[in-house]
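Please load the model in the viewer and keep the selection panel at hand.

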Amino acid sequence: VGPADPSAVKPQSVFDRWILHRLNAAISEANAAFGNYVLMNATRAIYGFWLNDLCDVYIEAIKPIVNGADAEAATAARAVLYTCIHHGLLLLHPFMPFLTEELYQRLPRPQGSPLSACIAPYPSVQASWEAGAGD
């Protein structure tokens, strides 16, 4: 299970830092699109994150890390993956509420996290996820 607090995510590999940066970019684009009432741009940003960044690149890149001998790196990669899935579902929730709620309910939740995607706050940009933050 990943951390409940987004600032508690501790990326270790360049892949971890890259995907958190891409998640921040998707969050920023989606929030800006909602603010400007341009839903097409929000869906494009969210779709691009899920398909191109998370599934096509990150999951493939971390397979050797998760299956490798470095337990600390594997744990960090799993926490980052959990964070991306959690926030990705929340990003997608306004467009696909029934599907995202079902998947959200199946994710293990850290203590203190919202019981439903319906009442979870919409993701916001996290400064700690940007390249070089905390280095």
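In which helix is the place of L103? In this predicted model, L103 belongs to helix α4, which covers residues 97-106. Select L103 and display its surface: the residue is partly exposed, as its relative accessible area is 39%, a value that lies between the 20% limit for buried and the 50% limit for exposed.

Now move to helix α3 by selecting residues 71-92. Helix α3 contains 22 residues, and the distance from its first C-alpha to its last is 31 Å, close to the 32 Å expected at 1.5 Å a residue. Of the 22 residues of α3, 16 are buried, so the helix is largely enclosed by the rest of the structure.

At the start of α3, select D70 and E72. A side-chain oxygen of D70 comes to within 3.2 Å of the backbone nitrogen of E72.

Then select H86, which is located in α3. Is H86 buried or exposed? H86 counts as buried, because its relative accessibility is 13%, and the limit for buried is under 20%.

Finally, display the surroundings of H86. With neighbours within four places in sequence left aside, H86 is in contact with Y104 and L107.

Definitions and conventions: Residues numbered from 1 in each chain as written. Predicted model: local features only at pLDDT ≥ 70, side-chain atom pairs only at ≥ 80, totals over all residues. Heavy atoms only, no water. Helix = DSSP H or I, 4+ residues; strand = E, 2+ residues; numbered from the N terminus. Buried < 20%, exposed > 50% of the residue type's maximum accessible area, 1.4 Å probe, protein only. Contact = heavy atoms within 4.5 Å. Expected span 1.5 Å × (residues − 1). Polar contact = N/O pair within 3.5 Å; in protein donor to acceptor, adjacent residues only side chain to side chain.
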